[in-house]
Amino acid sequence: MSTDAPWQQFFVSTDLAGLEQLNVATLQTVESLLSTGDAPRSSLLPADLHAAVGRLEVCPEDGAALAQVLDEFGSIVWANGVVPGDPRCVAHLHPPTLLPAVVTELAIAATNQSMDSWDQAPAATEVELHLMSWLAAALGFGPDGTGVMTSGGTASNVLGMTLARAAAANRLGVDVGKSGLPPESRTWRILCSDQAHFSIQRAAAQLGLGRDAVVTVSTTPAGAMDLDALDEKLAALGHDGLVPLAIVGTAGTTDLGVIDPLEGLAERAEQHGTWFHVDAAVAGSFILSTKLAARLTGIERANSVTIDFHKLWWQPFNASALVVASEDAFDLLRVRSAYLDRGDELEGMVNLVGRSLDTSRRFDAAKVMASLRTVGRKNLGAMVERCVALASYAGELIARTSGLDLVAVPTGVMCVFDAPGHSAEDLRRVQQHLLACGEMVLGRTEIHGRAALKFTFMNPSTTEVAIDGLVEKILETLVLVAN
Ligand SMILES: Cc1ncc(COP(=O)(O)O)c(C=O)c1O
């Protein structure tokens, strides 16, 4: 075969000068999404955006020059995205990203290690295992604590519930992975608070238990699971012949950022001999802060914990993990395959496919580890504390602003509020107006049936002055939509 085939130019090579040029060109095209000056998003209307993207030919017969493709992406795609680092981009748990992670992303893509088997990712497997051991230890797990990287908090929660279901079946002497659900599974229930993430319901649906198997426990006005209400639910289950499959605590609810009483939950899980899962997608990084870590006490007693690196650890998507007390928890997932995970490998050649719901999988652990090593625990802890302080500042400001009312005093990185005298429809119009004109990407939600607006502070560089500006803008827009 000819060595100068035209496609050779498209593969990554060691032409570093070429790569460097491309990197600079790429960064120039995303400048609009990195700069926090103008607006958190362009004001292009959905239909215009649809048309602009539609005009891009997906696969031209002869290909287009990379410089042109990068340029088009710059002017059409990146210029019309959202700017996660902008102080007015406050709707979601959507962070600006850390430089060490971003540059490591290039190495991840260029080298393409696949995490399913040791023969595709020898050193990468060691890195992921090393990172998981560190994370388990940081959460307070024993020496056998370990885990696996997943694509997100949803995937980690589904995996956690999958392991919980296997453990419940094991207690009956059934291998659910082999024989499927036993008849007793009709009695299995997952308990979580009424503020838990919807992925717990989705997990129940996917696992053949059905969403009705999720029993929601009421929360205190602050938004944490009410332990008395949990005790009542557990007693009622016992009375009805139903069995708790798992107790799920949330460490950092999606809207209010509240942490459930994890110690109390751990106690109940132990008393009932059930799986204890903690969804710490939001507040897991509190372990990095000497001030905030104590709020997670009890998490070390969990059987599984969800950690989302692509939230308050400032990683690019995707980067999440499920941490477990011991590798045995993954037993259910292991299916031997002649081509991949044969079971006859040399000592130490671990095939991570035996821990994951995925087969081929990215080496996302690399960017996480590069970031943790570069930024360091102290800086990361201070960054988490700063985001929490920003939410407190916003809470105090809203509490003294006439025309706005706090739904709950912020304890995490969110601040949820409404506007007395204004309807849910007014709040919808405020949020939609600000999004459409590109002035603010504001959160909107509902807490216990009460419509509300929401700030989520993911950028520790945001200033108090910027928050003053957000509140002023909302007051102005409320007047505008009411007229
Ligand atoms: C508490 C909680 N758990 C899980 C998730 C899902 O995470 P992901 O979007 O990474 O799937 C979220 C998302 O916001 C969340 O807030």
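Which helix gives the most to the shell around the ligand, and with how many residues?

Modeller: The model is a predicted one, and what follows should be read accordingly. Helix H7, residues 153-171, gives the most to the shell around the ligand, with 3 residues. The shell has 15 residues, and those that come nearest to the ligand are Gly 152, Gly 153, Thr 154, His 197 and Thr 254. Sorted by class, 10 residues of the shell are polar, 3 are nonpolar and 2 are charged.

From the ligand I turn to the sheet. Seven strands form an open sheet with mixed pairing, in the order S1-S7-S6-S5-S4-S2-S3. Its edges are strand S1 (146-150) and strand S3 (214-217); each has a single partner strand, so one side of each is left without a neighbour in the sheet. From one strand to the next, the twist averages 20°.

Helix H6, residues 122-138, lies across S1, S6 and S7, and runs at about 115° to S1.

Another group of strands involves S9, residues 414-418. This strand is mostly covered, with 5 of its 5 residues buried. In a regular strand, side chains alternate between the two faces of the sheet. In S9, Met 414, Val 416 and Asp 418 point one way, while Cys 415 and Phe 417 point the other way, and all are buried.

S9 pairs with strand S8 (residues 405-406) through 2 bridges, and the two run antiparallel. Asp 418 in S9 is the bridge partner of Asp 405. S9 also pairs in the antiparallel sense with strand S11 (residues 450-456), over 4 bridges. In that pairing, Cys 415 has Phe 455 in S11 as its bridge partner. Asp 418 and Cys 415, which take part in these two pairings, belong to the groups that point opposite ways from S9.

Definitions and conventions: Residues numbered from 1 in each chain as written. Predicted model: local features only at pLDDT ≥ 70, side-chain atom pairs only at ≥ 80, totals over all residues. Pairing = 2+ DSSP bridges. Axes fitted to C-alpha atoms, helices over the stretch in contact; angles between N-to-C directions. Contact = placed C-beta atoms within 7 Å. Buried ≥ 20, exposed ≤ 12 C-beta atoms within 10 Å, placed from the backbone. Near = placed C-beta within 6 Å. Nonpolar A, V, L, I, M, F, W, Y, C, P; charged D, E, K, R; others polar.
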